[in-house]
Protein chains: 2
Amino acid sequence: MPRKPVARDAVLDAYESLLIEVGERAATLDAVAKRAGVSKGGLLYHFPNKEALISALLERLDELAQEDIEQMKAAPDGSAAYFIRSSLWADTPMDRAFVAATRLAEVAHEETRRRFAGIQQQWLDVLAEDVGPEIAKAVSYMGDGLYFNAMFEGGQGTGDASREADVEILLGVLDRLRK
Amino acid sequence: MPRKPVARDAVLDAYESLLIEVGERAATLDAVAKRAGVSKGGLLYHFPNKEALISALLERLDELAQEDIEQMKAAPDGSAAYFIRSSLWADTPMDRAFVAATRLAEVAHEETRRRFAGIQQQWLDVLAEDVGPEIAKAVSYMGDGLYFNAMFEGGQGTGDASREADVEILLGVLDRLRK
DNA sequence: CTAACTGTACCGTCCAGACGGTATAGTTAC
DNA sequence: GTAACTATACCGTCTGGACGGTACAGTTAG
């Protein structure tokens, strides 16, 4: 087989980064190609149109989400604590894919919204097994809140320390609820 | 005095609606003018450019937020309960302005982000007076989570009933925390 | 009379996507 | 073993349309 498609992943990574850092509006094909160190023609070789780029990103998101849910189920101190911790922006592949996809959902991209709904439901189910349906809801919304705020920080580690402190506080609140 | 500037408010309302329903990308000047039942020239008579439209929206948001915070302070069953209830999408002027502005923040609009941070801080301060700083954080994140989800529903009353049920659940969780 | 519009024509820029071309790694034929 | 061929992985340029904004002449309501 001929040379490996190194550009494909580079393009996807670049698209993800730009979505996170500058938003959907500025994540143009030209910008993505430039960031990826690839020509625009090369980009379009792998992804015939922008929709294909988005689809690939959502595929990646789904894969990572499945892995994450497995880890969540297996978490030693319970899935709820794992969930709160992992809702903090930690620049993991999952975080990046998730927040990048959030940018698309904001722009009213229907397919993205559907995927989100699916992942959220799975999270909620796992949480309910750990802490029951009511607290699961509370934990789920707190996690969404953390992501909501991560969005506004544009991917930079702004307020990293204070966010980590917030997570500790939320874990404390969770403990109070567990009793 | 000549006729009243009826178009001004119509334009602002239209811009708000389009941001909520179809996102920032599709809220073009042409689309806004059409939705407002106003000519593009008329729109630009009141708002010389798009930035002016945004500024006016943020002004409106700030005004409504101040009113909201006053009501929150005066809420009979505590500001925390008021906050959770008001985080539900209820199509109030405040909700609309808030979610519309969210769309702009998503597109990395700096001024919008700054305004948000200010309002959030005020909320947090009021909440802390009611339930203390720790639970205030939890409540604040839950509220953000509710808004985060409202965003994805695009302003439609999708899942209205289930969201209301969620609010009741969160109020129950709050009660458990109060003790 | 004047503020509050309507309507149209137009400009510059940006962007998604089309297209033609090129380089190189494998594969086949002899 | 090598020449001929094929498929993949790109590059660079161009175009058509949308969008923000300008300009300006005309119309309507108070």
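Two residues are taken to be in contact if their C-beta atoms, placed from the backbone, lie within 7 Å. The structure is a predicted model, in which local features need pLDDT of at least 70 and side-chain atom pairs count only at pLDDT 80 or more, whereas totals for chains, interfaces and linings use all residues. Residues are numbered from 1 along each chain as its sequence is written, and chains are lettered from A and ligands numbered from 1 in the order in which they are written.

Among contacts in chain A between residues at least 6 apart in sequence, 70% join residues at least 24 apart. The secondary structure of chain A consists of eight helices and zero strands, where helices (H or I, at least four residues) and strands (E, at least two) are DSSP runs numbered from the N terminus. The C-alpha atoms of chain A occupy a box of roughly 60 × 35 × 30 Å along the principal axes. Of the 179 residues in chain A, 42% are buried; a residue is buried if 20 or more other C-beta atoms lie within 10 Å of its own, exposed if 12 or fewer, and partly exposed in between, with C-beta atoms placed from the backbone.

The contact between the chains takes 34 residues from chain A and 34 residues from chain B. On the side of chain A that touches chain B, helix 1, helix 6, helix 7 (110–152) and helix 8 (160–178) each supply at least two residues, and helix 7 gives the most, with 17 residues. Because 100% of the interface residues of chain A are also interface residues in chain B, the copies meet through the same surface.

A:Glu106, in helix 6 of chain A, counts as buried, with 24 C-beta neighbours inside 10 Å. Leaving aside neighbours within four places in sequence, A:Glu106 is in contact with A:Glu24, B:Gly23, B:Arg103, B:Glu106 and B:Met151. A:Glu106 and A:Glu24 are 82 residues apart in sequence, with a C-alpha to C-alpha separation of 8.7 Å.

Helix 1 of chain B (residues 6–26) has 21 residues, yet its end C-alpha atoms are only 24 Å apart, short of the 30 Å that a straight helix would reach at 1.5 Å a residue; the expected span is 1.5 Å times one less than the number of residues. A kink of about 90 degrees in this helix is centred on B:Ile20, the bend being the angle between axes fitted to the seven residues ending at a residue and the seven starting there. Buried residues of helix 1 of chain B include B:Tyr15, B:Leu19 and B:Ile20. The partners of the buried residues of this helix include helix 1 and helix 6 of chain A, as well as helix 4 of chain B.

A positive phi is found at A:Asp91, about 65 degrees, although this residue is not a glycine. A:Asp91 lies in the loop between helix 5 and helix 6 of chain A and is exposed, with 12 other C-beta atoms within 10 Å. B:Asp91 likewise has a positive phi, of about 60 degrees, but is partly exposed, with 14 other C-beta atoms within 10 Å.
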